[in-house]
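Open the model in your viewer and keep the selection tool at hand. The tour goes stop by stop.

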Amino acid sequence: MAKTRTTFLCRECGNTQPKWMGKCPDCGAWDALERFSEAPALADAALPPGALDVGARTDGAPRRAVALADVKPLDVPRVPTGIPELDRVLGGGFVPGAVVLIGGDPGIGKSTLLLQSAARLADRGGRVLYASSEESAAQVKMRADRLDGAGGPVRGGNLLLLAEANVAVIAEETRRLKPQLLVVDSIQLAYRGDVDAVPGSVTQLRRTCLDLVALAKTSGIAVAIVGHVTKEGDLAGPKLLEHLVDVVLAFEGDRHHAYRVVRGMKNRFGSTAEVGLFEMTGAGLAEVEEATLAPDAVPAAPGTSTAAARRPGSVFAPVQCGTRVLLAEIQALTATGFLGAAKRRASGLDAARLAMLIAVLEKHGGLRLGDQDVYASALGGLRVTEPAVDLAVALAIAGAFHERGAGAATVALGELALSGDVRTVRQLDQRVQTAVRRGARLLLVPAAQVAVARAAAGGAEVVPVAHVRDAIDHLA
Ligand code: TYD
Ligand code: MG
């Protein structure tokens with residue numbers, strides 16, 4: 001038998017070192033090396049040659065390079081999950097023989113999402129094996145019963161539960177049952193009996209994940225793996241697993257907030273620009289309609305001039321979420337703090353960008369914010385990081401500071417340069433159309449794009465703004 005080799009593997013960058021060191025010489029991370037034992041040529045033994053390639057040849061013919069022009073397009077078959085918001089992120093559904101890793105904080109709803117999707121698949125006649133290493137079959141059933149009322153009835157026959165953490169047993173049952181989809185919940189507790197390391201250690205994570213990848217590739221079964229996320233927000237054993245699988249999805253959201261976002265981090269079969277929106281309800285995860293996420297920009301009643309109608313500190317901005325545009329409400333609050341120690345807090349927005357916008361407002365917008373605490377947030381649980389919301393954030397801050405409002409039906413669009421100039425945004429027409437459909441009456445747009453905006457705005461008023469000062473002058 002080949003001798004087992006012991007090396008040390010970095011949790012951060014995934015590189016191996018011959019001996020333990022306090023600091024990884026490759027990525028500089030401290031205390032990140034873990035003992036890792038691997039039988040030599042494990043990958044060769046576990047996998048047939050080329051098994052890790054999608055569409056690999058298995059006929060044993062010598063492999064030759066081919067001209068790009070002669071390569072036949074790969075027709076990727078899909079197994080729709082039955083949950084359109086999840087299909088959207090996956091690029092159409094699970095791919096047979098491909099491995100999807102779903103990462104997220106404990107309690108965010110990973111098990112719920114996969115069980116719901118498994119139930120829908122089973123309902124349509126597909127067989128699903130749900131291997132739970134964290135919960136007993138009775139616990140999974142209890143959860144399934146809860147989901148029952150959600151309009152996604154969980155019926156017995158095609159959905160098979162296996163309360164097992166040993167991957168050899170999971171693989172054996174999978175080979176026997178030949179399901180369309182195998183769910184492994186979670187990889188942190190899965191183990192291989194012949195590996196001398198605790199579940200969740202890098203050695204076990206890598207070996208069990210490789211086994212599941214080999215299982216998927218050799219059997220053509222789609223595999224979904226649940227992974228927990230560390231305090232820092234990385235998948236535990238991050239790079240190790242991400243390299244091995246075909247698709248990585250991140251399940252994000254505030255546990256105190258009902259909204260959940262599934263985001264594609266890596267996808268060998270589709271785009272990573274899409275997001276799926278969900279809401280955690282008493283009966284499982286419900287797909288979110290855009291209208292529930294952001295309130296409509298309600299036009300102020302004619303003649304109202306109360307501060308409430310002007311809504312100082314609140315501005316709407318259409319933001320791009322994959323191929324969709326969602327209307328986000330940006331709110332800001334300024335309050336007197338201490339000169340030199342003023343607080344700046346961003347929630348759902350980029351903190352560094354907020355600091356920059358405050359500096360632009362100081363220098364070019366005539367605001368004195370040195371002793372002002374500034375809080376800015378994107379409502380609805382969305383994380384908005386694109387620069388196209390710069391103008392809306394700046395206007396919300398200026399409005400809060402001057403106690404002047406833009407009016408509830410006002411939408412602002414534009415990236416701010418350090419000079420205070422308003423720069424153009426991508427997909428302006430789509431954003432303007434969405435904003436108008438959702439009730440916007442007045443649109444502040446980059447001056448250079450005013451023609452495009454007018455063409456897309458229908459009857460709504462479009463005001464070109466070239467500089468942040470012009471926009472602030474519009475606050476009433
Ligand atoms: P869970 O899917 O177990 O999270 P994870 O697998 O990511 O750790 O569910 C997380 C939370 O969701 C749990 O605290 C209870 C709540 N929940 C509901 O609010 N409604 C439901 O129908 C279900 C099944 C769970
Ligand atoms: Mg779980």
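**Stop 1: helix α5**

Select α5 and its surroundings. The buried residues of α5 pack against β5 (128-132), β6 (159-163), β7 (181-185) and α6 (202-219). Contact here means heavy atoms within 4.5 Å. Helices (H or I, at least four residues) and strands (E, at least two) are DSSP runs, numbered from the N terminus.

This is a predicted model: local features need pLDDT of at least 70, side-chain atom pairs count only at pLDDT 80 or more, while totals for chains, interfaces and linings use all residues. Residues are numbered from 1 along each chain as its sequence is written, chains are lettered from A and ligands numbered from 1 in the order in which they are written, and side-chain values use heavy atoms, with hydrogens and water left out.

Now pick out the individual residues. Which residues of α5 (167-177) are buried? Select Val-167, Ile-170, Ala-171, Thr-174 and Leu-177. They sit on the same side of α5, because they cover an arc of only 140° around the axis. That arc is taken from the directions from the helix axis to the C-beta atoms. An α-helix has 3.6 residues a turn, so residues three or four places apart point the same way.

A word on the terms: buried is under 20% relative accessible area, exposed is over 50%, and partly exposed lies in between (1.4 Å probe, protein chains only).

Turn to the face of α5 that points away from the buried side. The exposed residues Glu-172 and Arg-176 are there.

Next, check both ends. Asn-166 caps the N-terminal end of α5, with a side-chain oxygen 2.9 Å from the backbone nitrogen of Ala-168. Just after the helix, Lys-178 takes a positive phi of about 45°.

**Stop 2: Gln-188**

Move to the loop between β7 and α6 and select Gln-188. Is this residue buried or exposed? Gln-188 counts as buried, because its relative accessible area is 11%.

**Stop 3: Asp-390 and its partners**

Select Asp-390 in helix α11 (residues 390-402). Asp-390 is buried, because its relative accessibility is 1%. Show its neighbors too. Leaving out residues up to four places away in sequence, Asp-390 touches Arg-353, Leu-357, Gly-414, Glu-415 and Leu-416.

Zoom in on Arg-353. The side chains of Arg-353 and Asp-390 meet in a salt bridge (2.5 Å, N to O). Arg-353 lies in helix α10 (residues 351-364) and Asp-390 in α11, so the pair ties together parts that are 37 residues apart in sequence. Arg-353 itself is partly exposed, at 22% relative accessible area.

A salt bridge is a side-chain nitrogen of Lys or Arg within 4 Å of a carboxyl oxygen of Asp or Glu. By this rule, the count comes to 15 salt bridges.

**Stop 4**

Select Arg-368 and Glu-362. Their side chains meet in a salt bridge (3.4 Å, N to O). Arg-368 is exposed, at 55% relative accessibility. Glu-362 is partly exposed, at 23%. Then select Arg-353, Asp-390, Glu-415 and Arg-423, which salt bridges with shared partners join into one network.

Go on to Arg-263, which forms a salt bridge with Glu-252, the closest N and O atoms being 3.0 Å apart. Arg-263 is in strand β10 (residues 259-267) and Glu-252 in strand β9 (residues 247-252), eleven residues apart. Arg-263 is partly exposed at 25% relative accessibility. Glu-252 is partly exposed at 27%.

**Stop 5: a surface patch**

Select Leu-68 in the loop between α1 (42-46) and α2 (84-90). Leu-68 counts as exposed, because its relative accessibility is 76%. With Leu-68, they form a nonpolar patch on the surface, with about 340 Å² of accessible area together.

Patches are made of residues with over 30% relative accessible area and no salt bridge: like charges are joined within 9 Å, nonpolar side chains (Val, Leu, Ile, Met, Phe, Trp, Tyr) within 5 Å. Accessible areas come from the Shrake-Rupley method with a 1.4 Å probe; for residues, only the protein chains shown count as cover.

**Last stop: the whole protein**

Zoom out. The secondary structure comes to 14 helices and 21 strands. Of the 476 residues, 49% count as buried.

Key. A polar contact is a pair of N or O atoms within 3.5 Å; within protein, one must be able to donate a hydrogen and the other to accept it, and residues adjacent in sequence count only if both atoms are side-chain atoms.
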